[in-house]
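Please look through the sequence and the model shown here before reading on. The report that follows takes up charged pairs, backbone angles, a pocket and a surface patch in turn.

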Amino acid sequence: MDIPKLLLPKDLTQPTYTGAFISVCCCVFMLFLFLSELTGFIATEIVNELYVDDPDKDSGGKIDVSLNISLPNLHCDLVGLDIQDEMGRHEVGHIDNSMKVPLNNGHGCRFEAEFSINKVPGNFHVSTHSATAQPQSPDMTHIIHKLAFGEKLQVQHVQGAFNALGGANRLQSNALASHDYILKIVPTVYEDLGGKQRFSYQYTVANKEYVAYSHTGRIIPAIWFRYDLSPITVKYTERRQPFYRFITTICAIIGGTFTVAGIIDSCIFTASEAWKKIQIGKMS
């Protein structure tokens with residue numbers, strides 16, 4: 001009994017230069033797409049979202065603050081930090097975890113401090129209020145090197161206002177003027193691939209400059225940082241493409257490329273065969 005032979009289309013069995021060229025192009029194209037997908041699979045992406053909540057509930061209602069400021073025309077003995085808020089805290093001359101470094105042969109001062117504030121509206125200010133004797137004309141011109149809240153967060157591809165006042169220069173301001181920096185503190189969470197979370201704070205800032213007089217008519221300038229907390233939390237989550245999606249994409253690339261290449265090759269082969277038949281007909 002004869003077994004019928006399976007007849008395949010000639011464009012699948014007959015080798016052509018065009019088919020070889022299309023095959024090479026397909027391999028190069030698939031290699032390019034594969035490397036692109038592999039790069040995307042290996043790399044991580046940062047996804048951000050907003051929600052209303054207090055992310056760091058284990059902080060005890062406190063926010064760590066790091067301040068570094070230079071006052072080139074005010075002696076270190078006169079510089080002090082005062083803290084007050086709506087919970088009744090009123091601390092004058094905070095000295096814990098603080099350091100004063102003389103500048104300009106002792107005529108100026110760089111003040112650095114690490115302290116905590118309550119999660120309620122309030123302010124902290126650099127002033128001469130804690131000095132034993134008030135100077136006649138205190139000069140509050142300054143440069144802010146750093147003002148940051150919470151844990152230090154340095155992550156690639158996360159651009160935030162974690163040190164928005166860093167580099168603020170007020171050396172050309174009125175020496176007797178007070179400076180008000182109004183801060184809106186935004187809680188920020190960063191979660192890495194392992195699920196570990198780090199808590200920090202970004203902030204926006206507006207500022208004004210004015211001359212303030214005491215009840216005795218004297219000018220007592222200060223550098224005020226008035227803050228309030230935003231109810232909105234910003235969360236950055238580090239993610240990587242799932243492996244199953246990577247495999248699915250690779251299979252789609254291979255299958256789709258071969259399918260399109262087969263259609264193109266078949267069309268070119270059919271057109272070529274038809275043209276040959278037309279030429280043979282003309283010759284006969």
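## Salt bridges

Glu91 is partly exposed, since its relative accessible area is 25%, and its side chain meets that of Arg89 in a salt bridge with an N to O distance of 3.1 Å. This is a predicted model, and a search of the whole structure finds five salt bridges.

Another of these pairs is formed by Asp180 and Arg226, whose closest N and O atoms are 2.9 Å apart. Asp180 counts as buried because its relative accessibility is 4%, under the cut-off of 20%, whereas Arg226 is partly exposed, with a relative accessible area of 29%.

Lys184 and Asp228 also form a salt bridge, and here the closest N and O atoms are 3.6 Å apart. This pair, too, links distant parts of the chain, with Lys184 in strand β10 and Asp228 in strand β12, 44 residues apart. Lys184 is partly exposed at a relative accessible area of 34%, and Asp228 is likewise partly exposed, with a value of 31%.

## Positive phi angles in loops

Two asparagines carry a positive phi although neither is a glycine. For Asn97 the angle is near 50°, and the residue lies in the loop between β4 (90-91) and β5 (98-103). Asn97 counts as exposed because its relative accessible area is 61%, which is over the 50% cut-off.

For Asn105 the phi angle is about 60°, and the residue is found in the loop between β5 and β6 (108-118). With a relative accessible area of 80%, Asn105 is exposed as well.

## The largest pocket

Which strand gives the most to the lining of the largest pocket? It is β8, which contributes four residues, while β2 (62-71), β8 (143-150) and β11 (197-210) each supply at least two residues of that lining.

The largest pocket holds about 330 Å³ of space. Its lining is made up of 20 residues, of which Lys146, Ala148, Lys152, Leu153 and Phe162 are the closest to the pocket centre.

## Nonpolar patch and annotated segments

Leu31, Phe34 and Leu35 make a nonpolar surface patch of about 270 Å². Phe34 lies in helix α2, which covers residues 17-42. Is Phe34 buried, partly exposed or exposed? Phe34 is partly exposed, because its relative accessible area is 32%, a value that falls between the cut-offs of 20% and 50%; it is also over the 30% required of a residue in a patch.

The UniProt record, an unreviewed entry, places the feature "transmembrane region" at residues 16-35 and 243-264.

Definitions and conventions. Residues are numbered from 1 along each chain as its sequence is written. This is a predicted model: local features need pLDDT of at least 70, side-chain atom pairs count only at pLDDT 80 or more; totals for chains, interfaces and linings use all residues. Side-chain values use heavy atoms; hydrogens and water are left out. Patches are made of residues with over 30% relative accessible area and no salt bridge: like charges are joined within 9 Å, nonpolar side chains (Val, Leu, Ile, Met, Phe, Trp, Tyr) within 5 Å. Accessible areas come from the Shrake-Rupley method with a 1.4 Å probe; for residues, only the protein chains shown count as cover. A salt bridge is a side-chain nitrogen of Lys or Arg within 4 Å of a carboxyl oxygen of Asp or Glu. Buried means under 20% relative accessible area, exposed over 50%, partly exposed in between (1.4 Å probe, protein chains only). UniProt positions are given in the numbering used here, feature names are shortened, and annotations may be inferred rather than shown by experiment. On a 1 Å grid over the protein atoms alone, a cavity is a set of points where a 1.4 Å probe fits but cannot get out, and a pocket is an open set with protein on both sides within 12 Å along at least five of seven lines; lining residues have an atom within 4 Å of a point. Grid points are joined across faces, edges and corners, and a volume is the space filled by probe spheres set on the points.
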